[in-house]
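Here is a short briefing on a predicted model. Keep the structure open while reading the points below.

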Amino acid sequence: MIVVAVTGASGVVYGKRLLEVLKDMGEETALVVTDPAKIILKYELEIEEEEMKELASEYYNPKDLTSSINSGSFQFKSMVIVPCTMKTLSAIANGYANNAVTRAADVTLKERRNLVIVPRETPLRSVHLENMLRVSQEGGIILPAMPGFYHNPENIAEIVDFVVGKILDVLGIENQLFKRWHGELE
């Protein structure tokens, strides 16, 4: 199982697309959508939280600290926070597990599982970089939503797929979401 958390940063399209791809691959997912993310889903994608829930195997309330994903005894492979707000990153970096997202991330790190954080903020302050470094030093993977362009994307969907493909790569899940670099231009 892969825990997918969607927080209130711009770029919720990355979380939605990741869920779509994982569902198509038959991967089990546990979804958490924060209250600010629900607002961004409406604004950026014109969808409700219910549409996201349909893409996941399980759904957890972000305010429920007693849910199974918040325990080290619950078995899941990885957690992806996409997009990740700087507030959520700060909480994780500083061990402030005040909701289901930050507590599950805390569990992921302490159990030495894969934690992938996809920040979508720019520009970055020094404290943002320090928090990313702190999480990275504990084994988390910082994968900013920075698409490459060597694959000559023709639309936004291909740009989104590049970032989602990179997330799958670090999770060790084979995918063909983007054209990979093979050396010199053809």
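Helix 1 has a buried set made up of Val12, Tyr14, Gly15, Lys16, Leu18, Leu19, Val21 and Leu22. These buried residues pack against strand 1, strand 2, helix 2, helix 3, strand 4 and helix 7. The model is predicted, and the values here are computed from it.

**Helix 1: geometry and end**
- The 13 residues of helix 1 should span 18 Å at 1.5 Å a residue. The end C-alpha atoms are 19 Å apart, which agrees.
- Gly26 follows helix 1 and has a positive phi, near 80°.

**Nonpolar cores**
- The largest nonpolar core holds 34 residues. Val4, Leu18, Val80 and Ile167 touch the most other members.
- At least two residues of this core come from each of strand 1, helix 1, strand 2, helix 2, strand 4, strand 5 and helix 7.
- Helix 7 gives the most, with seven residues.
- Ile167 is in contact with Leu18, Val80, Val82, Val118 and Leu143, leaving aside neighbours within four places in sequence.
- A second, separate core has 25 residues, including Ile69, Phe76, Ile92 and Leu115.

- Six strands make an open sheet, ordered 3-2-1-4-5-6, with parallel pairing.
- Strand 3 (58-60) and strand 6 (141-142) are at the edges. Each has a single partner strand, so one side of each lacks a neighbour in the sheet.
- Strand 1 (residues 2-6) pairs with strand 2 (residues 29-33) in the parallel sense, over five bridges.
- Within strand 2, Ala30 is the residue opposite Val3.
- Helix 4 (residues 86-93) packs on the sheet and touches strand 4 (78-84) and strand 5 (114-119). The direction of helix 4 makes about 140° with that of strand 4.

**Salt bridges**
- The whole structure contains 13 salt bridges.
- Lys16 and Glu20 meet through their side chains at 2.6 Å, N to O. They are four residues apart in helix 1 (residues 12-24), which puts about one helical turn between them.
- Lys16 counts as buried at 17% relative accessibility. Glu20 counts as partly exposed at 21%.
- Lys38 and Glu49 form a salt bridge at 3.5 Å, N to O. Lys38 lies in helix 2 (residues 35-45) and Glu49 in helix 3 (residues 49-53), so the pair ties together parts 11 residues apart in sequence.
- Lys38 is partly exposed at 24% relative accessibility, whereas Glu49 is buried at 13%.
- Asp169 and Arg180 form a salt bridge at 2.9 Å, N to O. Asp169 is in helix 7 and Arg180 in the segment after helix 7, so to speak a link between distant parts of the chain, 11 residues apart.
- Asp169 is partly exposed, with a relative accessible area of 29%. Arg180 is also partly exposed, at 28%.

**Charged network and Asp161**
- Which residues are linked in a network of salt bridges? They are Lys16, Arg17, Glu20, Glu51 and Asp161.
- Asp161 is located in helix 7 (residues 156-171).
- Asp161 is buried because its relative accessible area, 12%, falls under the 20% cut-off.
- Asp161 touches Arg17, Leu177 and Phe178, not counting residues up to four places away in sequence.

**Tyr96**
- Tyr96 is in the loop between helix 4 and helix 5 (100-110).
- Is Tyr96 buried or exposed? Tyr96 counts as exposed, at 54% relative accessibility.
- The contacts of Tyr96 are Ala91 and Thr102, not counting residues up to four places away in sequence.
- Tyr96 is 93 residues from Val3 in sequence. The C-alpha atoms of Tyr96 and Val3 are 19 Å apart in space.

Methods
Residues are numbered from 1 along each chain as its sequence is written. This is a predicted model: local features need pLDDT of at least 70, side-chain atom pairs count only at pLDDT 80 or more; totals for chains, interfaces and linings use all residues. Side-chain values use heavy atoms; hydrogens and water are left out. Two strands pair if DSSP finds at least two bridges between them. Contact means heavy atoms within 4.5 Å. Axes are lines fitted to C-alpha atoms, for helices over the stretch in contact, and angles run from 0 to 180 degrees between N-to-C directions. Buried means under 20% relative accessible area, exposed over 50%, partly exposed in between (1.4 Å probe, protein chains only). A salt bridge is a side-chain nitrogen of Lys or Arg within 4 Å of a carboxyl oxygen of Asp or Glu. The expected span of a helix is 1.5 Å times one less than its number of residues. A nonpolar core is a set of buried Ala, Val, Leu, Ile, Met, Phe, Trp, Tyr and Cys residues joined through side-chain atoms within 4.5 Å.
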